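The following paragraphs lead through the structure displayed below, from the overall fold to individual sites.

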Amino acid sequence: MPDARFLVVFDADSTLLRNEVIELIADEAGRGAEVAAATEAAMRGEVDFATSLRSRVAALRGVALSAFDRVRARVEPTPGAAELVAAIHDRGGRAAVVSGGFHEVLDVVAPALRIDQWRANRLAVQSGVLSGLVEGEIVDAAGKAAALREWAAASGVPLDRTIAVGDGANDLQMMAVAGLGVAFNAKPAVRRQADLVVGPVDLRELIPLLP
Ligand SMILES: [Mg+2]
């Protein structure tokens with residue numbers, strides 16, 4: 001990987017995207033409201049992320065892979081996302097996403113937004129339907145911080161030239177590791193611990209912060 005001048009690592013759901021994708025998948029199982037409430041509690045930091053994710057993914061059991069086209073069509077990038085990523089690239093930076101959500105959606109959405117690299121959880125599938133399990137290690141708060149460190153090292157970027165942007169409690173560790181931790185569209189607990197709080201839900205607000 002070529003060196004970059006700086007690195008910006010985004011959370012996906014409710015940060016780079018308007019949606020919580022797990023809620024869109026849960027809608028396909030008729031359990032959208034229940035999963036939305038559980039996601040909200042996890043993002044406020046009230047419950048352990050990995051435990052919460054496992055129980056929410058269990059609610060997705062039986063959703064057919066064929067439903068994912070419908071899910072992806074409902075995913076909405078946050079206003080200004082494309083402009084911010086273009087500005088990052090213009091200044092010689094790299095844009096990455098680490099998500100407690102899922103590769104099944106991010107593998108389509110991230111390249112469309114010209115994101116350079118991304119990491120997320122994977123949903124286990126059996127006979128064309130979700131089995132209700134997460135495959136492999138869960139990307140939790142520690143996993144997000146580890147991804148930021150790993151990508152910064154691989155890009156030759158010192159940590160003080162990294163920016164982490166997120167809205168949920170599981171973003172706090174990567175925000176603490178980054179040179180600048182930005183709370184965007186964020187829960188109160190996240191706003192309190194961030195270096196900087198961006199209120200308007202428009203990612204162009206971050207362009208003046210780029211090094
Ligand atoms: Mg989020």
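Nine helices and seven strands make up the secondary structure of the chain; helices (H or I, at least four residues) and strands (E, at least two) are DSSP runs, numbered from the N terminus. The radius of gyration is 16 Å, close to the 17 Å that the globule rule gives for 211 residues, so the chain is as compact as a globular protein of that length. Here the radius is taken over C-alpha atoms, and the rule is 2.2 Å times the number of residues to the power 0.38. Along the principal axes, the C-alpha atoms fill a box of roughly 45 × 35 × 30 Å.

The model is predicted: local features need pLDDT of at least 70 and side-chain atom pairs count only at pLDDT 80 or more, whereas totals for chains, interfaces and linings use all residues. Residues are numbered from 1 along each chain as its sequence is written, and side-chain values use heavy atoms, with hydrogens and water left out.

Among contacts with a separation of 6 or more, 63% join residues 24 or more positions apart, contact meaning heavy atoms within 4.5 Å. The accessible surface comes to about 8,900 Å², and carbon and sulfur atoms account for 49% of this area, computed by the Shrake-Rupley method with a 1.4 Å probe.

A magnesium ion has the protein donors D11 (OD), D13 (O) and D167 (OD), lying 2.1 Å from it. Donors are N, O and S atoms within 2.8 Å of the metal (3.2 Å for Na, K and Ca); water is not among the atoms, so sites may look incomplete. D13 lies in the loop between strand 1 (6-10) and helix 1 (21-28), and D167 in the loop between strand 5 (162-166) and helix 8 (172-177), so the pair ties together parts that are 154 residues apart in sequence.

Strand 2 (residues 93-102) includes G93, which is buried with a relative accessible area of 10%. Leaving aside neighbours within four places in sequence, G93 is in contact with A4, F6 and I88. The C-alpha atoms of G93 and V21 are separated by 27 Å, the two residues being 72 residues apart along the chain.

Note on methods: Buried means under 20% relative accessible area, exposed over 50%, partly exposed in between (1.4 Å probe, protein chains only).
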